[in-house]
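Trainee: I'd like to learn how to read a model like this one, feature by feature. Could you walk me through it?

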Amino acid sequence: MIISSPAWVTHPGEKGRKLPIYACHVQPNGMRLATGGQDAKVKLWNVKPIVDVDAETDASEPRLLSTLSLHSGAVLCVRFSCGNGRLLASGSDDAKIVIWGEDGSGYKAATFGQNSANSANVEQWRAVKVLFGHDSDVADLAWSPNNEYLASCGLDSRVYIWDGNTFEKLKKLDAFTSFVKGVTWDPVGKYLATQSDDKTVKIWRTSDWVVEREITEPYNQASSTTFFRRLSWSPDGSCIATANGENGNMPVAPIINRDTWASDVSLVGHQAPIEVACFNPITFEIELPESDAGEDSTRKVASSVCAIGGQDRGVSVWWTARSFSAASTMDVFQHSVLDLSWSSDGFTLFACSYDGTVSALTFSKVEFGVPVSAEETETALSKYGFQKVKQAVPESTTQLALEDAFKAMESNGVGLSGSPAKKPKSGVENAATALAQQVNVIQMGKQRESRTKDGKKRIQPVLIRSGNSPLKPASLTVGAGVALQQSIGLNNGVGIPTVSVGAGATKRKAGEEGASQENASKQASYILPTYTGVSPPTRLLAIPAVKPRLVVPISTGSTVLNLEAVNLDNARQDAKIHGSRNGELSFTVSLPSYVIAIVGSSEFWVAACLDASVNIFSAAGRRIIPPMALPSPVSFISTNGEHLMVILTHCCMYIWNIHKQSNLLTNEPITPLISKSSSGETNSLKLLNASIRSDGKPAISTSAGDTFVFHYDMKVWMNVRGFDADRRLGTDAGVNAAGFKMPVSEVLGKNSDLVDRAELGMACASILGLPADYRNWLLLYARKLSDEGVVSKVKELCDDLMGSLDAKASSGDVMGMAKRGLLKEILPILASNRDLQRVVSSYHDFFNQ
């Protein structure tokens, strides 16, 4: 065993004093070592000069690669993701978890607050996501074996499970009565183990997140003074090495057997409580003496290797197949050992200490033996239900050709939306671009105070939210859509107020109406109507407040028609509407009631009056049809081309084609749309926006985030809402011309949800007549079908786009796009999964006939 303790691996404080290092973790590829310290920084070190003396003395070999500064408290845990180690998660006593990713832009930035001339980072890493959920220190983190999940535990006595792709909070485990200080995953993926200060180890089933077993022995008499209780699962899945056990006043590291969940075996030898246990990721083949044969007879067995560190400043290494330690050292550190990490080859152990130092213990093959192959380890795991995802081999040149086509699509920088991935303009982006989003500090949470059991006041730090925060709902502008004219009636930006009407509530008390009108005028320039019908509706919309003067410009070809409505104080006098162009009066129209709204298009303009009449005029001021008498006053009115839409105060919609003088929609109730949202909200819902497209289809948006479009053929409202606000993260977004909100792809949810979301996006784009958006969703849909390997849906999709097998026959089109052309476009994407090659190749061969 060779021990190296480079003095330059530190987290220095004031006057160069070494601050405690609470966490260390080596990248799976063995290139970088991450450390977290009391200075609130994460540091990435080059592993080579730590373990190689020649590299350490080589001036051209960098030592410190990067310093990451986003935490506001001591960094207690750092963990690279499994496999390629592309992501790094860090947890701190500021209650935040930061996900870091390497920035390939090449820009070199200095650490905030330091001299850029001396402190420029060799490598650039930046925050991909900041996770909020814990209310106190984050003590430990663990990625699941396939990076599907990230588990975190903390001093708020909770464990959170996060989605490993979108980092959405999936589950909260709170069956603890004290601090949770350690978490580890079963290599098979069936269980999660936690260790806490309530002196228990809990085994959780990942299928339903129920406690499978709670182990209390031998932790009942253990000390509660440890910083951590970091436990580790063996690579063959057979046992768990835990920390801070006690057996007869002797500190031990209990080993929990998977078959019985009993801790019959313990690792003994340390003189102070155990802080951390860490299994070597490699299983080794060692020789053991045969008990029945001669002294020289041996047999070969596979054995795991486990390292433990404690408050006695010592590190010991143990074989699971032997009853004694393989190595131990007690004089490397001056204080408690707080974290351990093995290199991916299994021959180097990294340890960090409260004394602010890091040491590397390098072993040889003579000491450890021959590593067991990955296939043998997988065989050992298979008895617990482990199944390896097998990579199919190409069966034909067609598959190779499609794979080359797919690689060409990616190398040309073409994203799923069909536009260059670096400059997305619209459509659904590739989910991987989430890693390129910079964290911009734009929102701040409110400080909260709490009291501990001993009466001390604790102020939770202000949570600095990022631009990617889940608290900021956003959507993405998609497609050109159909042009809309600006609607009148919702110009205040807060929506139309509503009032619920019940039995006995048809009249207001004296003075109440005036107060309501005064408040409405201050906030939204609306007045709440009264209703005296025999059968009043359950909900009423407000009426736009009458203004003495109302000016509305309307575009009529090459000139702008300015309409000015004058409502006189004397109700007996007619209201006047003056129309002028270029400052010259063109006409004057008299109306017998107050004008509450004016709207128009290039075809005509409309004046809605307080007496529930609607008057329609040409651009020259000529009345086109007699006044339309409606059941109640207009609350909202909109035009587009030759179409006119009104929403009345009793929550009903009418739509007409003025040019043809025909009705498209009559007395269609919208009460169900604003009575209850899709998220279950029932109170204070408002009608935020309503519009009519040039094809006559209406769209309504509510304050709950729902967007409804009316389907004339099916005679029903369809909810084309994008996604729930807590899933819509990302950058600022708008609404496209059709009024349809579509979320950015980075936040579409878990992988299992992406297929369903893409199907919804295709259906909504089809309903709204947005061909570009349909194609973007189709490309994403094909990518996710390929990732998931859903053979039945792939075949059904391809059959639908192919149509008749007659080469001369046409398969039809989707909004002007040839179905077979779309099929040709998605075949290389589908072929990226070789398990689908038999399905995909048949269609590719058909096109090449």
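Mentor: Let's begin with strand pairing: two strands pair if DSSP finds at least two bridges between them. Strands themselves are DSSP runs of E with at least two residues, helices are runs of H or I with at least four, and both are numbered from the N terminus. Before the case itself, a word on the source: this is a predicted model, where local features need pLDDT of at least 70 and side-chain atom pairs count only at pLDDT 80 or more, while totals for chains, interfaces and linings use all residues. Residues are numbered from 1 along each chain as its sequence is written, and side-chain values use heavy atoms, with hydrogens and water left out.

Trainee: Okay, in which sense do S16 and S17 pair, and over how many bridges?

Mentor: They run antiparallel, with four bridges between S17 and strand S16, residues 200-205. Look at Trp204, whose bridge partner in S17 is Val211. The two strands make a hairpin with five residues between them, and in that turn Trp209 has a positive phi of about 55°.

Trainee: Which side chains meet Asp208 and Arg205 there, and what do I call that contact?

Mentor: Side chains of opposite charge can pair when their charged atoms come close. The cut-off for a salt bridge is a side-chain nitrogen of Lys or Arg within 4 Å of a carboxyl oxygen of Asp or Glu. Asp208 and Arg205 meet each other in one, at 2.9 Å from N to O. For accessibility, buried means under 20% relative accessible area, exposed means over 50%, and partly exposed lies in between, using a 1.4 Å probe and protein chains only. Asp208 is partly exposed at 37%, and Arg205 is partly exposed at 25%. Elsewhere, salt bridges with shared partners link Arg79, Asp140, Arg230 and Asp339 into one network.

Trainee: How many salt bridges does a search of the whole structure find?

Mentor: It finds 23. Another one joins Arg158 and Asp156, at 3.8 Å from N to O. Here Arg158 is partly exposed, at 22% relative accessibility, whereas Asp156 counts as buried at 14%.

Trainee: And Lys96: is it buried or exposed?

Mentor: Buried, because its relative accessible area is 8%. Lys96 sits in strand S8, residues 96-102, and forms a salt bridge with Asp94, the closest N and O atoms being 3.9 Å apart. Asp94 is buried as well. For contacts, the rule is heavy atoms within 4.5 Å. Leaving out residues up to four places away in sequence, Lys96 touches several residues, including Leu70, His71, Val130 and Phe132.

Trainee: Let's do backbone geometry. Which residues does the cis peptide bond join?

Mentor: Glu217 and Pro218, with omega about 0°. Pro218 is in the loop between strand S17 (211-215) and strand S18 (232-233). Then check phi: Arg313 has a positive value of about 70° although it isn't a glycine. Arg313 is in the loop between strands S26 (305-310) and S27 (315-319), and is partly exposed at 34%. Asn582, also not a glycine, has a positive phi near 55°. The loop holding Asn582 runs between strands S43 (575-581) and S44 (584-591), and at 70% relative accessibility Asn582 counts as exposed.

Trainee: Which residues in H10 meet H11?

Mentor: An α-helix has 3.6 residues a turn, so residues three or four places apart point the same way. Leu778, Tyr781 and Leu785 in H10 meet Lys793, Val794, Leu797 and Leu801 in H11.
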